[in-house]
Amino acid sequence: MLRRTATGSALVLAAALSLSACSGGSDEGEGTGSKTIQVTLANHVWTDNIKAALPEFEKETGLKVELTQLGEDQLSDQYNVKLNAGTSDLDVMMYRPLQEGKAFGKNGYLSDITEDTKGASEWNWGDFQPGPVEATTYEEKVVGVPIITETEVLYYRKDLLEKAGYSAPPKTLDELKEAAAKVQAANPGVAGFIARTGKSAAVTQFSSFLYSFGGQWADDSGKAAVNTPEAKQAYAYYGGLIKDHGPKNVSTDMSWPEAMAIFTQGQAAFYTEASSLYKNATDPAKSKVADTVGFAAFPEGPAGSKPYNVPSWALGINEASENKANAWKFIEWATSKEQTLANQKAGVPSARTSVASDPDATSTYPKDLVEAAAAGAANGVGFDRPRVVKVPEARELVGQPIVDAITGKDSGASADEAAKAFQALLDDENK
Amino acid sequence: MSADALPVTGTSGFSRWANDHRKWLFASPAMAFVVVLIIFPVAWTAYLSLTDAEGSVRADKEFVGAQNYLDVLGDTARFWPAVWRTVQFTGVVLLVEVVLGMAIALLLWRPFRGEKWVRVAILMPLVATPVAVGMMWRLIFDPNIGIANQVIGWFGIPEQPWLAGPGSALWTTMLIDIWQWTPMVVLILLAGLTSLSEEPQEAALIDGASGWQRFRFITLPLMMPTVIVAILLRGIDALKTFDILYATKGKGGGSYNEVETLNVYAYGLAFDYNEYGTSSTVLIIFFLIIIGSMWALTSRRKAEY
């Protein structure tokens with residue numbers, strides 16, 4: 001009996017040891033990489049479409065794709081933890097070139113795929129628009145392939161505008177302000193205008209206002225420019241519009257899901273937002289105003305209509321991946337002309353020139369949205385947030401005057417403060 | 001054969017060795033657990049707090065000594081307001097939860113009809129996931145379409161901004177925390193109450209003590225150890241509250257950092273700004289604050305009893 005106890009404990013110990021040895025085991029087959037590709041994607045219409053087409057890819061190549069799908073915030077937390085630990089169990093990563101591109105590049109998280117992009121002649125790297133390509137290039141090395149592009153457009157409610165006596169959407173920012181007031185007066189209980197209000201979330205949508213007023217985040221010499229008269233005007237305009245014509249008791253934490261909800265619940269007449277989110281407003285399952293929503297090009301400011309036109313998502317390969325060759329095969333397939341065309345038909349604008357100019361690709365879109373997006377693509381600015389390594393911090397700094405303008409504080413003074421803090425961040429990064 | 005070893009008849013060297021070192025062998029899983037999951041992370045955090053680690057923890061980092069501590073302790077824009085919010089949040093929810101919890105526990109103490117159902121109903125908030133709770137209250141407190149403003153409207157109270165107001169957000173999150181965690185205090189106190197003996201109460205009744213006197217001079221002193229346990233458990237949890245704050249106001253605790261406590265601040269530093277050195281510093285200071293306040297609480301208890 002006693003003897004059995006001693007042997008038993010030895011067995012338990014041995015089992016524990018061998019178990020811990022197992023957990024460290026790695027995939028079979030070195031050199032060529034595993035047959036299984038670990039792909040991490042964000043929740044997006046693009047992802048749904050790719051997911052549906054996956055069996056095709058698996059059949060063609062004999063590879064297996066293990067897909068992880070996460071919300072935006074969870075995705076960046078995952079990357080933070082896993083990439084910091086140097087994990088090899090991420091192969092293909094869907095990331096935001098403008099948000100994380102520089103930081104990932106600097107940290108060496110993204111694999112150099114210049115050779116792959118050059119080597120694939122049929123796939124044709126030259127077909128991708130130069131702006132997005134610039135955003136997925138870090139220090140002259142290609143580190144990602146842009147998959148989704150978007151521009152800012154004006155969403156509006158045709159029925160409410162009609163009621164207020166308008167037959168067409170506003171063409172300039174002055175007209176927008178006037179129309180927001182009139183529509184609000186003609187439709188009690190409905191706000192004239194809504195947009196994102198969160199300090200960080202609003203920055204990207206505010207950027208089009210900033211550019212259209214003639215402002216910049218930083219000037220050409222790399223100095224913070226968010227306190228120029230143009231920028232101050234833009235802050236006051238954006239915040240003032242929400243303060244004066246937005247919903248009562250407006251929250252200052254809204255990102256697109258909250259702002260979109262107010263619009264699709266029928267509680268606002270005008271809404272400026274990314275074009276790629278239009279399905280949320282036109283899908284009757286998600287929107288009460290699906291029948292009456294219209295789209296227009298971003299209104300002109302003193303410097304013209306200058307919305308952002310950016311690659312919002314890209315695919316890259318984890319530098320620590322042991323399966324790079326197969327990871328590239330997945331990217332090559334997912335960004336091929338066929339997949340891109342299929343995705344574009346399903347409502348996701350791409351960065352491929354040949355697809356963008358294909359009339360067939362946009363046949364399913366609302367016609368006014370196609371025109372609005374084309375205008376954005378023609379005059380657009382290639383970035384919608386400060387181009388730095390520490391994007392999250394910078395967004396909070398330059399976003400503060402937006403929130404201050406919404407809550408009725410002195411946004412001019414706040415812009416001066418923001419410029420100082422932003423300058424300190426720029427100095428720190430350029431040291 | 002050493003004195004404490006069991007008689008082993010086997011010849012295998014390993015069984016003999018294992019038998020001689022029983023105490024180490026059996027304690028080793030627990031010790032390994034403590035080392036891997038408690039000591040190592042704390043030590044690593046302490047080390048990072050002395051470096052300028054940022055961007056990636058695997059990137060080159062320099063040893064900067066106490067510089068991070070000086071920076072953090074001198075930061076009046078984010079750090080000290082976060083400390084104050086943490087103290088405010090913990091103090092208020094702890095006070096309300098213990099007083100309210102005691103009142104509810106006293107009500108539930110004596111058997112009554114339908115007791116089972118009432119107890120189940122009171123425990124409901126406790127079993128809900130905090131993030132789901134946060135989402136739910138966010139809808140309830142929505143300033144435009146939420147039900148909270150409608151309900152108070154029936155009583156003629158003007159609409160409140162709730163979570164959306166820079167001044168009211170922290171108080172609203174406290175309300176949510178109280179709603180969710182008072183049941184736990186009730187549970188602990190009720191367990192203490194049911195273990196009290198009846199005699200002192202009866203004696204006091206015969207002596208003509210009023211209900212309040214019986215509570216103040218008999219029930220409460222006898223309950224003190226249980227109350228301290230409840231305060232300790234709830235206090236540590238309240239200091240570390242993260243899920244409710246994050247689910248209702250997001251990263252940074254809102255656009256004005258309205259509900260940014262130390263925990264939310266440290267999370268933002270690590271996951272948003274990727275400033276691991278500074279984040280570790282905040283966490284170590286926070287760790288010391290928690291240990292300090294718990295030590296103060298328990299040492300007072302020892303002195304009293």
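Among contacts in chain B between residues at least 6 apart in sequence, 66% connect residues at least 24 apart, where two residues are in contact if their C-beta atoms, placed from the backbone, lie within 7 Å. The structure is a predicted model, in which local features need pLDDT of at least 70, side-chain atom pairs count only at pLDDT 80 or more, and totals for chains, interfaces and linings use all residues. Residues are numbered from 1 along each chain as its sequence is written, while chains are lettered from A and ligands numbered from 1 in the order in which they are written.

The secondary structure of chain B consists of 13 helices and 0 strands; helices (H or I, at least four residues) and strands (E, at least two) are DSSP runs, numbered from the N terminus. The C-alpha trace of chain B spans about 80 × 60 × 35 Å along its principal axes. Buried residues make up 33% of the 305 residues of chain B. A residue is buried if 20 or more other C-beta atoms lie within 10 Å of its own, exposed if 12 or fewer, and partly exposed in between, with C-beta atoms placed from the backbone.

Chain B is assigned domain 1 (1–38) and domain 2 (69–304), the bounds coming from an automatic or database domain assignment. The centres of these two domains of chain B, taken over C-alpha atoms, are separated by 44 Å.

Chain A is likewise divided, into domain 1 (36–150 + 310–368) and domain 2 (151–309 + 387–429). Between the centres of domain 1 and domain 2 of chain A, taken over C-alpha atoms, the separation is 28 Å. In the contact between them, domain 1 of chain A contributes 16 residues and domain 2 of chain A contributes 14 residues. On the domain 1 side, helix H4 (97–107), strand E6 (145–157) and strand E10 (309–317) of chain A each supply at least two residues. H4(A) gives the most to this side, with 4 residues. By class, this side of domain 1 of chain A has 7 nonpolar, 5 polar and 4 charged residues; Ala, Val, Leu, Ile, Met, Phe, Trp, Tyr, Cys and Pro count as nonpolar, Asp, Glu, Lys and Arg as charged, and the others, Gly among them, as polar.

The contact between the chains takes 27 residues from chain A and 28 residues from chain B. Helix H1 (2–23), helix H3 (72–84), H4 and helix H17 (391–406) of chain A each supply at least two residues of the chain A side, to which H1(A) gives the most, with 6 residues. That side of chain A comprises 8 nonpolar, 10 polar and 9 charged residues.

The mean pLDDT of chain A is 89, with 93% of its residues reaching 70 or more; pLDDT is the predictor's confidence in each residue, from 0 to 100. Over residues 1–31 of chain A the pLDDT is below 50, and this stretch has 17 contacts in the model beyond near neighbours in sequence.

The largest nonpolar core has 156 residues, and those with the most contacts inside it are Val153(A), Phe193(A) and Val226(A). Such a core is a set of buried Ala, Val, Leu, Ile, Met, Phe, Trp, Tyr and Cys residues joined through C-beta atoms within 7 Å. Helix H8 (residues 169–194) of chain B provides the largest share of this core, 11 residues.
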